[in-house]
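Hello,

The structure we talked about is below. My notes on it follow; please read them alongside the coordinates.

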Amino acid sequence: MNETLTERLAEIREQIAQAAKKANRKADEIKLVAVSKTHGAETVKEAIAAGATVFGENKVQEAEGKIVEVGRENAEWHLIGHLQSNKVRKAVRLFDVIHSLDSRELAERLERICEEEGRAELSVFVQIDLAKETTKNGIEEKDLPALVEFLRDCRHLKFDGLMIVPPFFENLEQVRPFFRRLREIRDEVCPHGELSMGMSHDFAVAIEEGATVIRVGTAIFGERNYRN
Ligand SMILES: *Cc1c(COP(=O)(O)O)cnc(C)c1O
């Protein structure tokens, strides 16, 4: 990609506006999470200078150094990857929002550690696995009501909504039903909840289907280099 980060961000904001318009929605209802995984602190700082305010990371370990270097208070930090139980304390210290809550055990642990760490409130999204893919994380739909029930009684965890990572399809019309189904589930279990769905290649479709939070990496930062 030859454009600058600023230009790419502007393009994405334009695409968000177009998709919102097409769906008769307001662009400012849609939060852009810039997925900075594999990119360094310098790149994140550059993105902040270009106007990005919210960043998504998928590994606690990788995020830690970056967040310290960029500054915990200089951006909003979202954990979008699977959270292992031995990383929960660090995650509670580092992140504003957890998108990947996928079990009752994890919810209990997060709630207990928020209490221990004096964290008044932590926003969580429940990640749902609609494709029942064993390689993907997420709770099965049938287990959702019990988890939602538990979250209602939590003092610290704030149930913000639902999140999905659908299977990859070249043809976006094959992704659409996953977004649509997530929205239907949301309407049932938490009518005022948020919908975290849509990545670089499919965020326009996600917005048409009601996404309120999109997680975009490659389209902002370029291809990831996993050797970093
Ligand atoms: C990496 C990642 C993204 C961003 O993916 P892109 O295709 O680079 O936009 C979004 N959500 C999750 C959960 C991810 O792990």
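Arginine 119 sits in the loop that runs between helix H5 (104–117) and strand S5 (122–127); helices (H or I, at least four residues) and strands (E, at least two) are DSSP runs, numbered from the N terminus. This is a predicted model, in which local features need pLDDT of at least 70, side-chain atom pairs count only at pLDDT 80 or more, and totals for chains, interfaces and linings use all residues. Residues are numbered from 1 along each chain as its sequence is written, and side-chain values use heavy atoms, with hydrogens and water left out.

Arginine 119 is buried but has no salt bridge. Buried means under 20% relative accessible area, exposed over 50%, and partly exposed in between (1.4 Å probe, protein chains only). A salt bridge is a side-chain nitrogen of Lys or Arg within 4 Å of a carboxyl oxygen of Asp or Glu. A polar atom of the arginine 119 side chain lies 2.7 Å from the backbone oxygen of valine 92, and one lies 3.0 Å from the backbone oxygen of glutamate 121. Leaving aside residues up to four places away in sequence, arginine 119 touches Arg72, Val92, Phe95, Asp96, Cys114 and His156 (contact means heavy atoms within 4.5 Å).

Next, the ligand. Among the residues around the ligand are Lys37, Ile80, Met163, Arg215, Gly217 and Thr218, where near means that a heavy atom of the residue lies within 4 Å. A side-chain N or O atom of arginine 215 is 2.9 Å from a nitrogen atom of the ligand. For glycine 217, a backbone N or O atom lies 2.8 Å from a ligand oxygen; for threonine 218, a side-chain N or O atom is 2.5 Å from an oxygen atom of the ligand. Taken alone the ligand exposes 390 Å², of which the protein buries 89% (Shrake-Rupley method, 1.4 Å probe).

Glutamate 57 belongs to strand S2 (residues 54–57) and counts as buried because its relative accessibility is 0%. Its side chain makes polar contacts with those of serine 36, at 2.7 Å, and lysine 66, at 2.8 Å. Glutamate 57 also touches other residues, including His78, Ile80 and Phe95.

Serine 85, in the loop between strand S3 (76–79) and helix H4 (88–94), is partly exposed because its relative accessible area is 41%.

Regards

Technical notes:
Lys, Arg positive; Asp, Glu negative; His and termini not counted. Polar contact = N/O pair within 3.5 Å; in protein donor to acceptor, adjacent residues only side chain to side chain.
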